[in-house]
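These are my notebook entries on a single protein chain. I set down what I looked up, entry by entry.

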Amino acid sequence: MSDDKSKSHGQDRERINVNQEYELRDWAKSLKTTPQRVKEAVQAVGDRADNVREYLGERDKSGS
């Protein structure tokens with residue numbers, strides 16, 4: 001199933017699709033990290049934006 005670009009709110013904005021370059025780039029910018037780190041986070045905790053934010057925050061605190 002492809003990303004529905006007509007959805008800009010709701011569930012579609014709560015998930016990170018690392019297979020869409022524009023989306024990966026935008027998420028990396030909004031999370032103040034690199035696209036590679038976003039991919040690593042999604043692989044570790046799944047595509048839910050809240051879980052990715054939490055994962056990246058914990059990694060920053062641990063110095064990794």
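Predicted model: local features only at pLDDT ≥ 70, side-chain atom pairs only at ≥ 80, totals over all residues.

**Entry 1: Threonine 33**

I began with threonine 33, which lies in the loop between α1 and α2.

Is threonine 33 buried or exposed? I found a relative accessibility of 18%. Since buried means under 20% relative accessible area, threonine 33 counts as buried.

I then looked up which residues threonine 33 touches, leaving aside its neighbours within four places in sequence. The contacts are Ala28, Val38 and Leu56.

**Entry 2: The chain as a whole**

I next turned to the overall make-up. The protein chain holds 3 helices and 0 strands, and from the N terminus on its elements run α-α-α.

The chain has 64 residues, of which 23% count as buried.

Among contacts with a separation of 6 or more, 23% join residues 24 or more positions apart.

Two packed helices are described by the angle between their axes and the distance between the axes. I therefore looked up both values.

Helix α1 covers residues 21-30 and helix α2 covers residues 35-45. Their axes come within 8 Å and cross at roughly 95°. Angles of 65 to 115 degrees count as roughly perpendicular, and α1 and α2 are therefore roughly perpendicular to each other.

Which residues make this contact? From α1 I noted Leu24, Trp27 and Ala28; from α2, Pro35, Val38 and Lys39.

**Entry 3: Helix α2**

Which residues of α2 are buried? I listed Val38, Ala41 and Val42. Seen down the axis of α2, these buried residues fall within an arc of 100°, so they line one face of the helix. An α-helix has 3.6 residues a turn, so residues three or four places apart point the same way.

Glutamine 36 is also found in α2. I recorded glutamine 36 as partly exposed, with a relative accessible area of 46%. Glutamine 36 and valine 18 are 18 residues apart in sequence, and their C-alpha atoms are 9.5 Å apart in space.

Finally, I looked just past the end of α2, where glycine 46 takes a positive phi of about 95°.

Definitions and conventions
Residues numbered from 1 in each chain as written. Heavy atoms only, no water. Helix = DSSP H or I, 4+ residues; strand = E, 2+ residues; numbered from the N terminus. Buried < 20%, exposed > 50% of the residue type's maximum accessible area, 1.4 Å probe, protein only. Contact = heavy atoms within 4.5 Å. Axes fitted to C-alpha atoms, helices over the stretch in contact; angles between N-to-C directions. Parallel < 35°, antiparallel > 145°, perpendicular 65-115°, else oblique. Arc of directions from axis to C-beta.
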